[in-house]
Amino acid sequence: MAAMTKEWLGGTTIFAEMSALALRTGAINLGQGFPDTDGPESVREAAVRALRDGRGNQYPPGPGVPELRTAVADHQRRRYGLTYDPDTEILVTAGATEAIAATLLALVGPGDEVIALEPYYDSYAACIGMAGGVRVPVTLRPRDGAYHLDLDELRDAVTDRTRLILLNTPHNPTGTVLTRAELAAVAELAVERDLLVVTDEVYEHLVLDGEHLPLASFPGMRERTLTISSAGKTFSFTGWKVGWVTGVPALVTAVRSAKQFLTYVASGPFQYAIAEALSLPDSYFDTLRADLRVKRDILADGLTAAGFDVYRPAGTYFITTDIRPLGETDGFAFCRALPERCGVVAIPNAVFYDHEKEGAPFVRFAFCKRDEVLREAAERLRGLRDSA
Ligand SMILES: *Cc1c(COP(=O)(O)O)cnc(C)c1O
């Protein structure tokens, strides 16, 4: 048998392992980031209507249904002043996950280097590997209560082999939202070195402090940026898998070429429902953020009271903590023991690192759960000090 040289083969993700552990122990699962309540009733009804009316029950058009592409274009223009042609510059995908896969398969070849912010979302490493690329992590490091991008390190990571920078803001798992100055510096570097940038902006509507700035809106960036987003997090329907890519025609066409051999198309009726969701009034998005702020604060305060060092996130669903104040140093061992110790499941950040040691003492908790679930988790975590 040929050697198993593909590192992602045969493994189960940490999320599967920890969710199984949650099930077995009855622990509160703050591991995987999915909400425990569904999104707006009106959007669910829109999906039911589409199903009943026979819209999207057969293969939708390869680039996505026109209603959704138009809605994405309207959204980008209204929110960010970015104009995209729905016919040539927008592609609908099976969630952001497929958008990431198709983008990397389309643009990255054997030996090409992809710079990605570490810790990174788990599918990045797998997809860079599937494309035959080489990942070059640039590590975000905690300082003054938040994670920061070291711009010198980013600059030093660029070589003649760099194919693209893969950015994620708001950032999972650290909850960091890149600042205007940081994004401007990334843009300057990309223009100077003539690089493509792929930005994963699935948490664009989950910025709790500050504002989301799409990299494509910076000078010189529209023509070299592929922006990826998705309905899953914004509308609390992570199972629907409706995502999209926006960018100039040549880049979007390349991604579509790869995408057509992955799923071809997906989520027909849900595409119509998300087209409606994207035009929900501002009050929907404001309430989403306000509710999430409350959740973040319940869990962050609980974690602080339990003795963790807490990096209070400016966005996303996640809080990264440092376990060293609890006398612990190994996040893997800590997370494997946590369900038995106090009935809560979390994820060791080390799984999001190439430099595992950098991530060893950090642990991620998801706060996209009902307030009472978070309060109960906080209560349980308070017992940690006693069981140390
Ligand atoms: C959840 C998530 C995704 C996947 O989005 P889907 O639309 O569910 O495929 C992509 N990137 C990041 C950073 C995420 O947290």
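**Aromatic pairs**

I searched the whole structure, a predicted model, for aromatic pairs and found 16. I counted rings of Phe, Tyr and Trp (its six-membered ring) as a pair if their centres lie within 6.5 Å, with planes under 30 degrees apart as stacked, over 60 as edge-to-face and the rest as tilted. I looked up Tyr147 and Phe362: the ring centres are 6.0 Å apart and the planes stand at 70 degrees, so this pair is edge-to-face. Tyr147 belongs to strand 6 (residues 146-148) and Phe362 to strand 15 (residues 362-366), so the pair ties together parts 215 residues apart in sequence. I took helices (H or I, at least four residues) and strands (E, at least two) as DSSP runs, numbered from the N terminus.

**Ground rules**

Residues are numbered from 1 along each chain as its sequence is written, and side-chain values use heavy atoms, with hydrogens and water left out. In this predicted model, local features need pLDDT of at least 70 and side-chain atom pairs count only at pLDDT 80 or more, while totals for chains, interfaces and linings use all residues.

I traced an open sheet of seven strands in the order 2-10-9-8-7-3-4, with mixed pairing. Two strands pair if DSSP finds at least two bridges between them. At the edges are strand 2 (90-93) and strand 4 (134-139), each pairing on one side only. From one strand to the next the twist averages 20 degrees; axes are lines fitted to C-alpha atoms, for helices over the stretch in contact, and angles run from 0 to 180 degrees between N-to-C directions.

I then checked two pairings in this sheet. Strand 3 (residues 113-118) runs parallel to strand 4, with six bridges between them. Leu117 has Val138 in strand 4 as its bridge partner. Between strand 3 and strand 4 the chain passes through helix 5 (residues 122-130), a right-handed β-α-β crossover. Right-handed here means that, with the strands pointing away from the viewer, the path from the first strand over the helix to the second runs clockwise. Strand 7 (residues 162-168) and strand 8 (residues 196-200) are also parallel, joined by five bridges. There, Leu166 has Val198 in strand 8 as its bridge partner.

I found an open, antiparallel sheet of four strands in the order 11-12-15-14. Strand 11 (309-311) and strand 14 (347-348) are at the edges with a single partner strand each, so one side of each has no neighbour in the sheet. Three bridges join strand 11 to strand 12 (residues 318-322) in the antiparallel sense. Asp309 is bridged to Asp322 in strand 12.

**Pocket and cavity**

I used a 1 Å grid over the protein atoms alone: a cavity is a set of points where a 1.4 Å probe fits but cannot get out, a pocket is an open set with protein on both sides within 12 Å along at least five of seven lines, and lining residues have an atom within 4 Å of a point. Grid points are joined across faces, edges and corners, and a volume is the space filled by probe spheres set on the points.

The largest pocket has a volume of about 1,200 Å³. Its lining has 43 residues, with Thr13, Phe15, Tyr121, Asp122 and Ser123 nearest the centre. Helix 1 (14-25), helix 4 (95-107), helix 5 and helix 8 (231-235) each give two or more residues to this lining. Helix 5 gives the most, with five residues. By class I have 21 nonpolar, 13 polar and nine charged residues in the pocket lining. Ala, Val, Leu, Ile, Met, Phe, Trp, Tyr, Cys and Pro count as nonpolar, Asp, Glu, Lys and Arg as charged, and the others, Gly among them, as polar.

I found one cavity of 30 Å³ or more. The residues lining the largest cavity include Pro61, Val92, Lys259 and Gln271.

**Backbone exceptions**

Most residues other than glycine have a negative phi, and most peptide bonds are trans. I noted a cis bond from Thr169 to Pro170, with omega near -10 degrees, and another cis bond from Asn172 to Pro173, with omega near 15 degrees. Pro170 sits in the loop between strand 7 and helix 7 (180-192), and Pro173 is in the loop between strand 7 and helix 7. Asp144, not a glycine, has a positive phi of about 50 degrees. Asp144 lies in the loop between strand 5 (141-143) and strand 6.
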